[in-house]
Amino acid sequence: MKFKKILGIISTLALSFSLVACGPQDNADDGGDEGGKDNNEAKELLVWEDIAKADGIKDAVAKFEKEHNVTVKVVEKPYTKQIEDLRLDGPAGTGPDVLTMPGDQIGTAALEGLIKELDVSEDVQKIYTETAMQSQMVDGKIYGLPKAVETTTLYYNKDLISEDELPETLEGWYEYSKGVANGEKFGFLALFDKIYYAQGLMSGYGGYIFKNDNGTFNPGDIGLNNEGAIEGAQFIKKFYDEKLFPSGIIGEQGINVIETLFTEGKAAAIISGPWNIEPFTKAGVNFGVTKLPALENGRNMSAFINVKSYNVSAYSKNQELAQQFVEFIANEENSKTRYEVTKEVPAVAALAEDPAVTESEAAKAVADQSQYSELMPSIPEMNEVWAPADAALQTIATGKAEPKEALDQAVETIKGQIEASHGGQ
């Protein structure tokens, strides 16, 4: 199956929200700058890029500066935290003109009026896969342009296990780990104490966060404690109970532990994402990448598809120029260059057939896994899910609660927070 087709299989998951965005853009001068070559007055743009990703846009930035008589300052920040910083820095006048963010934050950012609606032509929209563009839309309005798509995959150390030896199922990895794990070395590892990773297993058994009704997520229907979710959590519990996962993998430092064990050759396989291709390569790990394993019920493990984007701050005083920058930096040519440097799979449809992408094992793994993956909910209510769900999974991992008890409590907490913060459903 071709990469483009795979990424488009969930294109029917239209993101439709009845949100009325209000905020600084309501009073902003949409024509705040001319931003083009005819404007002789030099301007400045502040761009927040993701950590260790600025090199991917360095040449494009220099070209944009020359063409538009503008100075572009690029500052690297964790892309998942940029909206938090914008809430403070935007009103203070120290925020960016352009930022980058994950697709699940678009709904909240639009509702709060933190990002500007973009006037993007049909020709520009058609550059990207349909799913990627849908991730940037709220109530039919566009709030960003996609720059990369990602989903978790399985990384394995070829010096510890060959491709032919890879277990096809998660149960197979469980059995393999029992024969390998000794407290210092491990077989298969995953951050199953976090819903971002655990949902891939729980979803495979029928669990869900918000019910997807024909492309619209229903925050009033939460499936994190249904029969399938509990069955998945019970499977997760086995890895911890039998000490197939190290104790240090639980909690905020877990991601550092899992990555260190892999780079040091102490873990045969881990679940991670495209963001680790470059670090693992630089670390000299002889790794392979493939889709996530199947489950005993015949279904494949799922995963979240996330879309990274470039967005214009509603606080920007150069909004027109900022949008021109977004369209330029996310175009086909610059997206390809960015991929070649960062190895993050581009959201540009035409690049799905480019040899630079198709010949990449990692890009193919993302494409293969995308067949079984789901678009991450981007409704504002998703903000109420992360902490309670993670807390429940950690109590399961540490043996402080059984799966049903922990997940029931998580859902009760999530519903309460939705009621308090969003008026209920």
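# Terms and cut-offs in a predicted model

Student: What makes β13 and strand β14 (residues 374–375) a pair?

Tutor: β13 and strand β14 (residues 374–375) are joined by two bridges in the parallel sense. DSSP must find at least two bridges between two strands for them to pair, so two bridges are enough. In this pairing Phe 304 has Glu 374 of β14 as its bridge partner. The model is predicted: local features need pLDDT of at least 70 and side-chain atom pairs pLDDT 80 or more, while totals for chains, interfaces and linings use all residues. Residues are numbered from 1 along each chain as its sequence is written, and side-chain values use heavy atoms, without hydrogens and water.

Student: Why is β14 called a strand (residues 374–375)?

Tutor: Strands are DSSP runs of E with at least two residues, and helices are runs of H or I with at least four, both numbered from the N terminus. Residues 374–375 make up β14, so the run meets the strand cut-off.

Student: Which other strands pair with β13 in the antiparallel sense?

Tutor: Strand β3 (residues 98–102) runs antiparallel to β13 over five bridges, and Met 101 has Ser 309 of β13 as its partner.

Student: How do you know whether β13 is enclosed or open?

Tutor: Buried means under 20% relative accessible area, exposed over 50%, and partly exposed in between, with a 1.4 Å probe and protein chains only. Nine of the nine residues of β13 are buried, so the strand is largely enclosed by the rest of the structure. Phe 304, Asn 306, Lys 308, Tyr 310 and Val 312 point one way, while Ile 305, Val 307, Ser 309 and Asn 311 point the other way. In a regular strand side chains alternate between the two faces of the sheet.

Student: What makes β1, helix α2 (residues 58–68) and β2 a unit with a hand?

Tutor: The three form a right-handed β-α-β unit. The term applies if, with the strands pointing away from the viewer, the path from the first strand over the helix to the second runs clockwise. β1 and strand β2 (residues 70–76) pair in the parallel sense over seven bridges, with Trp 48 opposite Val 75. Six of the seven residues of β1 (residues 43–49) are buried.

Student: Why is the contact of Lys 77 and Asp 85 called a salt bridge?

Tutor: A salt bridge needs a side-chain nitrogen of Lys or Arg within 4 Å of a carboxyl oxygen of Asp or Glu. The closest N and O atoms of Lys 77 and Asp 85 are 3.3 Å apart, so the pair qualifies. Asp 85 is partly exposed at 26% relative accessibility. The whole structure holds 19 salt bridges.

Student: What does the salt bridge of Glu 252 and Lys 194 tie together?

Tutor: The N to O distance between Glu 252 and Lys 194 is 3.6 Å. Glu 252 lies in the loop between α9 (227–241) and α10, and Lys 194 in the loop between β8 (186–189) and α8, so the pair ties together parts 58 residues apart in sequence. Glu 252 is exposed at 63%, whereas Lys 194 is buried at 14%.

Student: How do you know whether Lys 243 is buried or exposed?

Tutor: Lys 243 has 64% relative accessibility and counts as exposed. Lys 243 sits in the loop between α9 and α10, and its phi is near 55°, a positive value in a residue other than glycine.

Student: What makes up the lining of the largest pocket by class?

Tutor: There are 16 nonpolar, seven polar and 14 charged residues. Ala, Val, Leu, Ile, Met, Phe, Trp, Tyr, Cys and Pro count as nonpolar, Asp, Glu, Lys and Arg as charged, and the others, Gly among them, as polar. A pocket is an open set of points on a 1 Å grid over the protein atoms alone where a 1.4 Å probe fits, with protein on both sides within 12 Å along at least five of seven lines; lining residues have an atom within 4 Å of a point. Of the 37 lining residues, Pro 78, Tyr 79, Thr 80, Lys 81 and Ile 255 lie nearest the centre.
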